[in-house]
Each structure stands twice: as C-alpha cells, then as structure tokens.
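Dear colleague,

Please find below the structure that I am handing over to you. My notes on it follow directly after.

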Amino acid sequence: MRALLRLSGVIDAINTLIGRWCAWLILLAVLVSAGNATVRKVFDLSSNSWLELQWILFSAVFLLCAPWTLLENEHIRIDIVNNLLPRWLRNTIEMLGHAFFLLPLAIILLITSVPFFLRSVEINEQSGNAGGLPQWPAKSLVMIGFALLLAQGVSELIKRIAIIRGLIPDPHAIQAHALEAEVEHIVEAIEKH
C-alpha cells in the first residue's frame, strides 16, 4: 500500500501543477475575449481564429483543471446530504463512486478520444470556419484531460481505501467540519431573526 500511496502522491503533484498553471488560461481567455470584442466594435473587424481560441482556452481550463478539482474535493455533490451521513458511509460511497462510475467513464472517454484525436491529426483537420484554427490541438485536450482524470480517479481510490483501512487520515475531514460549522452558524443566525 505504501507504493500505491507514493504513486498517488505523484499523481496529485502532477495534477496540482497542471491545474494551477491551466487556471491562468481563464485570464488569457478573458483578455482574448475582451480584445476580440473591442476590435470588432471599434474597428468593425472580426476573426474566427480569435473566437475559436476563446473556446479552446475555455475547453483547456475545463478539461485540464477537472482532475485538480477532484483532488481538492471541489467537485459537485450534494454536500448537505453527504455531511449528514456517517464518515464510514461517506468514504464507502466515495470509493464505490470512483470505482464504478468515475473510472469506467474516464476509461471509455479516453479509449474513444484517442482515435478521434489521431484521425484529426492524420487529415490535418481544420476549422470549418474561414480563417479558423486547426482542430487537432483542441481534440487532443479531450484525450489529455480524461487521461489526467483517470489518473486522479485512481489516486483518489487509493487514498479512499487507505483512509477506510485507517492507514492515513482523511484530508477532507477538516473541510467537512468547517462546512458543518458554517451551516450551524447560518442556522443560528436564521433562528435569531
């Protein structure tokens, strides 16, 4: 299990690094969008490549930051219901969800995205819009994003098994307590009014 936990640490470090760097693409997307809108309104000029670049930057952020989001426990779940459950049940649900939903989905999307990307490279697929960008770099994001998500899913599964076996503390237990405290504070404030 120690070797698996070391592997998990390496995966976590890689996805944290990629996520932090790719998060800056949001700023770049905003600048491209503002520049494109300004040029269009002020100079009555337009460029499909700049418009497509906005979409690609957004896609990169969404796909390449998803593993980091999972690592930081910021993914979508019904926290109010989740926090009412006993910790052992939450950990079991997380483990089963990763093993039977996240990992199979990531594997299927990775397997199907590889030929999707390779075919695009093979034909040097270009945008259907005049002056648009090549399509294969954007299609590579699907493959890369789901490969990273698959790796992070494996990392989360390893950590969840180690937590259930009592080998490591739950890194998100503190986060749950903070959320519970916040909910209690809100309930108290409502009751006072």
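Leaving aside residues up to four places away in sequence, Lys159 touches Ser8, Asp12, Leu71, Gln152 and Ile168, where contact means heavy atoms within 4.5 Å. Lys159 lies in helix α6, residues 136-164 (helices are DSSP runs of H or I, at least four residues, numbered from the N terminus). Lys159 counts as buried because its relative accessibility is 12%; buried means under 20% relative accessible area, exposed over 50%, and partly exposed in between, with a 1.4 Å probe and protein chains only.

This is a predicted model, in which local features need pLDDT of at least 70 and side-chain atom pairs count only at pLDDT 80 or more, while totals for chains, interfaces and linings use all residues. Residues are numbered from 1 along each chain as its sequence is written, and side-chain values use heavy atoms, with hydrogens and water left out.

The structure holds 0 disulfides, a disulfide being a pair of cysteine sulfur atoms within 2.5 Å.

Finally, Leu17 is located in helix α1 and is exposed, because its relative accessible area is 52%.

Yours sincerely

Key. Helices (H or I, at least four residues) and strands (E, at least two) are DSSP runs, numbered from the N terminus.
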